[in-house]
Amino acid sequence: MINNNELNPLIDASVARLQAEFGAAPEVAVVLGSGWAGAVDQVQGAKHLAYGELPAFPRPKVEGHVSEVVVGMMGGQRVAMLRGRAHTYESGDCTGMAGALRSLKRWGVKVLIQTNASGSLRPHMPPGSLMLIADHINAPQRSPLVGEPGSERFVDMSSAYDAELRAHAKKVAQTHNLKLGEGTYVWALGPQFETPAEIRMFAAWGADAVGMSTVPETILARHAGLRVMGLALMTNMAAGLSAEALTHALTLQQAAVSGERAAAFLAQLVAGLTELASLRA
Ligand code: HPA
């Protein structure tokens, strides 16, 4: 974890690099989670910039693993896609995306669409289902804002997932005849999967999907003043809800099966944002 005095110059340098490479910021950025990488193929006129060129962005961890920003068009909407995110389970640090998200905001991005792979807590959302995130539960009660100065750190989380953007997502799903669930996402730190007892507790709390990302980024994005939308792709039934043992391979396999449909929906969603009056203001 680095402090703001160290991070701010890295953000300035990242914004300058983004501007030099892509020009003015798109209004919409998407964080691509597991299973959502296919969305990059739907970007027209895509230009790529590796995270390695952006000092405030997470360092690529695995050799050969793509960590990059992709900018181009989806329908009539310009968009920046972020391939690769820092997870808290990698280092114990939940601030890993702070530099990247603050760079996007300072560049001029207004809307952050977060995507992830999740375990489903609800039988009516079997693997392959898509869920719009209406709210979240920060189960580890970890905050990326610990140590932030000023009263801005007391971020209002009562409507963290933007109501107008959610209404838009539901409209697009309806138009394209796609079943889109809506519910509460609970963050589990990982990297181990949950126990069945933990899943029963999360279900009793009102959670509908569980995963190991998204929540720290939503907090950081709201603190930065970005509007947030979240989409979760169910890759498995959560622990104890199916006979199958949970493995990373299983979640990746299901993500590959449903990823194409998820990516197509994401493209329709982003393209449709051109209709949103609040983004044209
Ligand atoms: N638990 C936590 N994270 C996940 C799961 C899960 O069941 N599936 C995909 N990501």
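Leaving aside its neighbours within four places in sequence, with which residues is asparagine 236 in contact? The model is predicted, so local features need pLDDT of at least 70 and side-chain atom pairs count only at pLDDT 80 or more, while totals for chains, interfaces and linings use all residues. Residues are numbered from 1 along each chain as its sequence is written, and side-chain values use heavy atoms, with hydrogens and water left out.

Beyond those sequence neighbours, asparagine 236 is in contact (heavy atoms within 4.5 Å) with Ser118, Gly119, Ser120, Pro127, Leu246, Leu250 and Thr251. Asparagine 236 belongs to strand E9, residues 227–237; strands (E, at least two residues) and helices (H or I, at least four) are DSSP runs numbered from the N terminus. Its relative accessibility is 6%, so asparagine 236 counts as buried, meaning under 20% relative accessible area with a 1.4 Å probe and protein chains only.

An unreviewed UniProt entry places the feature "binding site" at Glu194 and Asn236; such annotations may be inferred rather than shown by experiment. These residues are spread over 43 residues of sequence, yet they cluster in space, with a largest C-alpha distance of 12.4 Å.

Glutamate 194 lies in the loop between strand E7 (180–187) and helix H5 (196–205). Because its relative accessibility is 11%, glutamate 194 is also classed as buried. Apart from neighbours within four places in sequence, glutamate 194 is in contact with Ala188, Ile199, Phe202, Val210, Met212 and Ala239.

Methods
Buried means under 20% relative accessible area, exposed over 50%, partly exposed in between (1.4 Å probe, protein chains only).
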